[in-house]
Amino acid sequence: MTTVPKLTDALLTLENRVATLTLNRHDLRNALTGSNLIDDIVTTAEWVNQCEDVSVMVITGAGSAFSAGGNIRDMANRSGDFAGDVAECADRYRKGIQRIPLALQNVEIPIIAAVNGPAIGAGFDLANMADIRIASDNAKFGETFLNLGIIPGDGGAWFMQRLIGYQRAFELTLTGRVIDASEAKELGIVLEVVPADELMNAANAMASRMASQPPKATRLTKRLMKMAPRMELKDFLDVCANFQGMCHNEPEHLEAVNKMLEAMSKK
């Protein structure tokens, strides 16, 4: 039986090759700062890359919120991650919340964000770091940093414009307005909106479908999807050829082919 890492402020389960990470500081509306959630997310990201028994990662929140982002009380008090002069504050960002985008960007398996409630500020950015977002009809999204006189210090401006384009990302970021799940779907932020009591079933159904695919080929495909936007076509095709050679020499390839042939013979 695979042992999952012990976390402090989040819950982690593994079932049928799907790892579910639940942010569990509902008393703070799952704020990422002023809690141990940064460490928990990074620990989980590193673990799923090393654990061959995991094929998909689902991130959700306990309680009414997905994540409120930064701890506003700490901001008001200039304490915690927000204390110190310019150099000290910048160092805390690099050693703190900025570890999340770096860790999640390197995750080799599909990440699904099951957004159960408000995803605000860095919480919105956390959702955008996933490959797919499924939202509860209770979910709200807001890139609200400018409302507090700060910038998206966790990389949000990098992720959102790659998701929905520069113009739409610019409008949401510069106005700081909060949108509901329906508008988020119209903008292409979320793939699907479902009733609150069906959220985890919908996320798990998608996760299970992905987890049923050959695991090594799934990881290579995710890597290709991440590489494609930053590579020239010829270089990319060279990588594809090498990855394909690896796949053709894996037992899971023959297993999948034989399964397909068997299904075809029954038709």
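**1.** In which helix does His253 lie, and is His253 buried, partly exposed or exposed?

Solution. The model is predicted, with pLDDT of at least 70 needed for local features and 80 or more for side-chain atom pairs, while totals for chains, interfaces and linings use all residues. Residues are numbered from 1 along each chain, and side-chain values use heavy atoms without hydrogens or water.

Step 1: His253 belongs to helix H12, residues 251–265. Helices are DSSP runs of H or I with at least four residues, strands are E runs of at least two, and both are numbered from the N terminus.

Step 2: The relative accessibility of His253 is 25%, so His253 counts as partly exposed. Buried means under 20% relative accessible area, exposed means over 50%, and partly exposed is in between, with a 1.4 Å probe and protein chains only.

Step 3: Leaving out residues up to four places away in sequence, His253 touches Cys247 and His248; contact means heavy atoms within 4.5 Å.

Step 4: Pro214 is 39 residues from His253 in sequence, and their C-alpha atoms are 7.5 Å apart in space.

Solution. Step 2: With 44% relative accessibility, Glu262 counts as partly exposed.

**2.** At what angle do the axes of H10 and H11 cross, and which residues make the contact?

Solution. Step 1: Two packed helices are described by an angle and a distance between their axes. Axes are lines fitted to C-alpha atoms, for helices over the stretch in contact, and angles between N-to-C directions run from 0 to 180 degrees.

Step 1: Helix H10 spans residues 215–227; its axis and that of H11 come within 11 Å and cross at roughly 175 degrees. H10 is therefore roughly antiparallel to H11. The classes are roughly parallel under 35 degrees, roughly antiparallel over 145, roughly perpendicular from 65 to 115, and oblique for the rest.

Step 2: H10 contributes Ala217, Leu220, Arg223, Leu224 and Met227, while H11 contributes Phe236, Val239, Cys240, Phe243, Met246 and Cys247.

Step 3: These contact residues of H10 and H11 divide into ten nonpolar, no polar and one charged. Nonpolar covers Ala, Val, Leu, Ile, Met, Phe, Trp, Tyr, Cys and Pro; charged covers Asp, Glu, Lys and Arg; the others, Gly among them, are polar.

Step 4: Cys240, one of the H11 contact residues, has a relative accessible area of 22% and is partly exposed. H11 runs over residues 233–248. Cys240 and Glu252 are twelve residues apart in sequence and 18 Å apart from C-alpha to C-alpha.

**3.** How far apart are the axes of H6 and H7, and at what angle do these helices pack?

Solution. Step 1: H6 (residues 156–164) and H7 (residues 166–175) have axes 7 Å apart, at an angle of about 135 degrees. Step 2: H6 and H7 are therefore oblique to each other. Step 3: The contact involves Met160, Gln161 and Ile164 from H6, together with Tyr166, Arg168, Ala169, Leu172 and Thr173 from H7. Step 4: Sorted by type, the residues of this contact are five nonpolar, two polar and one charged.

**4.** How many residues has the largest nonpolar core, and which helix gives the most to it?

Solution. Step 1: A nonpolar core is a set of buried Ala, Val, Leu, Ile, Met, Phe, Trp, Tyr and Cys residues joined through side-chain atoms within 4.5 Å. Step 2: The largest has 50 residues, and Leu32, Ile100, Leu104, Val115, Phe141 and Ile189 have the most contacts inside it. Step 3: Helix H1, residues 37–50, gives the most, with seven residues. Step 4: A second, separate core has 14 residues, among them Val56, Val58, Ile112 and Ile134. Step 5: Ile189, apart from neighbours within four places in sequence, is in contact with residues including Phe124, Leu163, Ile164 and Leu172.

**5.** Where is Arg17 found, and what is its phi?

Solution. Step 1: Arg17 is in the loop between strand S1 (10–15) and S2. Step 2: Most residues other than glycine have a negative phi. Step 3: Arg17 is not a glycine, yet its phi is positive, about 70 degrees. Step 4: Arg78, also not a glycine, has a positive phi of about 50 degrees and is found in the loop between helix H2 (72–77) and helix H3 (86–95).
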